[in-house]
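Trainee: I've got a new model open and would like to talk it through. Can we take it one question at a time?

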Amino acid sequence: MKYKSQKIALVYFAVAMGLFAIQVLGGLLAGWIYVSPNFVSELLPFNIVRMLHTNSLIVWLLLGFFGAAYFLIPEESEREIHSEKLAYLQLAILVLGTLGVVVTYVFNLFEGHWLLGKEGREFIEQPKWVKAGIVVAALIFLYNVSMTVLQGKKTAITNILLLGLWGLALLFLFAFYNPHNLALDKMYWWYIVHLWVEGTWELVMASILAYLMLKLTGVDREVVEKWLYVIVAAALFSGILGTGHHYYYIGTPGYWQWIGSIFSSLEVVPFFAMMAFAFVMVWKGRRDHPNKAALLWSLGCGTLAFFGAGVWGFLHTLHGVNYYTHGTQITAAHGHLAFYGAYVCLNLAIISYALPVLRNRDPYNQVLNMVSFWMMTSGMVFMTFVLTFAGTVQTHMQRVLGEYFMDVQDSVAIFYWMRFGAGAVVVLGAILFIYAMAVPRKEIIEAGSAETPAE
Amino acid sequence: MSTQPSLLDEVPGELMMWVLIVSELLVFGAGLAVFLSVRLTDPTMFAESQDYLHRTGAALNTIVLVTSGFLAARALHWRETADRFKARVALIAAAALGAVFLVIKGMEYADKAAQGIGPETNAFFTFYYLLTGFHAAHVVAGIVILMLVAWKDEPRNIETGAQFWHMVDLVWVLLFPVVYLLG
């Protein structure tokens with residue numbers, strides 16, 4: 001660790017990992033409710049469990065991004081973070097908001113209250129006071145990192161990272177605008193939901209991946225930057241108008257069907273480019289970095305994001321297809337693999353890279369960490385397959401044959417059982433990851449004699 | 001790290017502009033392909049709707065835009081042979097012809113609107129407005145870019161601006177026969 005303010009990242013990562021545990025356990029509970037629908041239905045209804053599952057996911061991913069920014073910006077800008085105190089204040093606000101959200105959701109407090117009650121808009125259900133807190137925390141963060149970058153060295157990686165983080169914070173402001181017209185509500189709602197994960201977050205993802213590739217493979221910065229710019233251009237070109245793929249049949253004009261279909265089909269391109277980028281860098285690079293776990297997560301991130309976000313997204317992005325598949329388990333399959341591949345793997349990659357550095361433990365082999373990668377990944381891929389099968393059957397029975405929703409649910413129950421099993425493996429993998437990160441262990445493995453000596 | 005120069009380094013002009021151009025061609029290409037596919041489902045309606053378009057105006061616009069592209073290409077040549085003033089005049093003229101294109105296009109849009117035709121009229125007009133509207137938006141962007149490179153007139157900038165402008169030209173030359181003429 002070159003700069004002492006990088007230590008901030010450690011606290012962010014720790015909180016993120018705590019929420020990660022809550023998120024996957026919430027997912028497991030939701031998966032169990034799918035096979036046994038009355039389970040805790042009075043105590044914790046399914047919609048609340050789902051809210052906790054999705055909200056904690058978003059919050060921990062964001063905390064991971066913040067942590068990653070606090071970790072890599074000092075190294076890139078070659079100076080300490082502007083203010084450590086502000087960084088911890090920002091975290092305290094976010095933690096307070098998160099606790100407020102959980103308590104409000106679980107006990108259904110202040111129902112209907114304009115400031116304190118939950119708002120009932122999927123993913124942005126947070127009470128208004130929490131939303132205001134998020135904005136304050138985001139402002140503190142942006143001020144803090146922007147000041148650091150402005151006073152220090154500016155690199156393509158920090159420029160793109162800041163562009164992404166500024167964009168995601170500004171787009172969140174649409175959470176405060178809630179028109180009464182439901183079609184309009186959804187139009188603006190997607191400005192956050194879509195333009196986050198298929199716009200600004202991709203910029204964050206590309207820049208963090210670029211940083212990891214720079215460190216892990218030792219390829220020239222110039223080469224990495226060229227890839228970074230191409231990826232970012234492709235992401236913005238396809239992603240912004242790709243928002244149109246959410247505007248099918250919701251009351252918006254018909255031309256969105258074509259804008260959405262054409263531009264969102266191209267959203268595969270940046271994800272393919274990120275996968276290609278990761279592999280080409282590893283091939284070109286000559287550095288034999290000891291942190292194999294971080295490399296595994298990085299390559300896994302590119303690959304699984306391409307399949308989860310790119311291929312599984314394209315599967316149902318054309319409006320003619322989406323007419324039938326909308327809101328079926330196909331969507332759930334895509335959502336799980338896309339979030340896991342693109343953003344969970346990305347966070348776990350930067351955490352795997354940063355933690356040994358932050359705790360002065362490198363060189364470090366992280367075998368347990370790699371085992372957790374394969375557990376989580378195989379569990380998640382299996383879950384994606386069974387949900388895709390469930391979704392295909394559901395689409396046919398419900399949307400083509402017109403059968404009743406609950407009857408169809410009964411006939412795809414077998415897939416929900418398999419999904420629960422897959423989810424259990426993911427949870428075990430996640431716990432193993434947290435253990436491998438949190439509990440210090442000596443597990444340096446000496447290079448075998450057959451291997452080429454390090455340069 | 002690698003000793004051989006990459007193939008990408010040998011491409012003339014700005015790499016990022018090529019990325020944009022390829023992306024644009026993919027989008028317009030997909031748009032035209034879908035237009036032609038949907039046309040197969042109702043050729044009569046497409047033919048009848050096409051008769052509402054101003055073929056003469058569009059042909060005139062083709063001449064306007066190609067001339068403008070020629071001027072942008074000459075501008076780079078003149079700038080490289082140190083005829084800076086001539087290059088600037090050519091760029092401004094190219095931008096002005098872009099504005100002429102927009103005026104002619106705007107007259108056609110106004111005429112359609114007066115007849116009560118809009119993007120929701122039928123599938124033909126949905127595509128007509130999407131394709132020509134997206135293209136017109138690129139003409140607006142192109143005018144801004146041409147003016148910018150006339151102002152900051154390093155040869156590299158002019159080359160990049162001309163690259164973009166030729167793409168706008170090319171797209172129109174593809175749109176014109178498919179949307180207006182194909183019987």
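Trainee: What pattern does chain B follow, read along the sequence?
Mentor: Keep in mind that this is a predicted model. Chain B has 6 helices and 0 strands. Reading along the sequence, the pattern is then α-α-α-α-α-α.

Trainee: How much of chain B is buried, and what box do its C-alpha atoms fill?
Mentor: Chain B has 183 residues, and buried ones make up 30% of them. Taken along the principal axes, the C-alpha atoms fill a box of roughly 55 × 40 × 20 Å.

Trainee: Among the contacts in chain B with a separation of 6 or more, what share comes from residues 24 or more positions apart?
Mentor: Start with the contacts in chain B that have a separation of 6 or more. Of those, the share from residues 24 or more positions apart is 78%.

Trainee: Which element gives the most to the side of chain B that touches chain A?
Mentor: In that contact, 15 residues of chain B meet 18 residues of chain A. The elements of chain B giving two or more residues to it are helix H1 (15–41) and helix H5 (123–151). The chain B side divides into 10 nonpolar, 4 polar and 1 charged. With 9 residues, the top contributor is H1(B).

Trainee: Over to chain A: which helix supplies the largest share of the side of domain 1 that touches domain 2?
Mentor: Chain A splits into domain 1 (1–153) and domain 2 (156–442), with C-alpha centres 18 Å apart. Each domain of chain A puts 40 residues into the contact. H1, helix H2 (46–77) and helix H4 (128–151) of chain A each supply at least two residues of the domain 1 side. The largest share, 15 residues, is from H1(A).

Trainee: And how many residues on that domain 1 side of chain A are nonpolar?
Mentor: Set aside 6 polar and 4 charged residues on the side of domain 1 that touches domain 2. The nonpolar count is 30.

Trainee: How far apart are the end C-alpha atoms of helix H15 of chain A?
Mentor: H15(A) covers residues 413–438, which is 26 residues. At 1.5 Å a residue it should span 38 Å. The model agrees with that, since the end C-alpha atoms are apart by 37 Å.

Trainee: Which helices are included in what covers the buried residues of H15(A)?
Mentor: The buried residues of H15(A) include Phe415(A), Val426(A), Gly429(A) and Phe433(A). What covers the buried residues includes three helices of chain A: H1 (8–35), H12 (329–358) and H13 (367–400).

Key: Residues are numbered from 1 along each chain as its sequence is written. Chains are lettered from A and ligands numbered from 1 in the order in which they are written. This is a predicted model: local features need pLDDT of at least 70, side-chain atom pairs count only at pLDDT 80 or more; totals for chains, interfaces and linings use all residues. Two residues are in contact if their C-beta atoms, placed from the backbone, lie within 7 Å. Helices (H or I, at least four residues) and strands (E, at least two) are DSSP runs, numbered from the N terminus. Ala, Val, Leu, Ile, Met, Phe, Trp, Tyr, Cys and Pro count as nonpolar, Asp, Glu, Lys and Arg as charged, and the others, Gly among them, as polar. A residue is buried if 20 or more other C-beta atoms lie within 10 Å of its own, exposed if 12 or fewer, and partly exposed in between; C-beta atoms are placed from the backbone. The expected span of a helix is 1.5 Å times one less than its number of residues. Domain bounds come from an automatic or database domain assignment.
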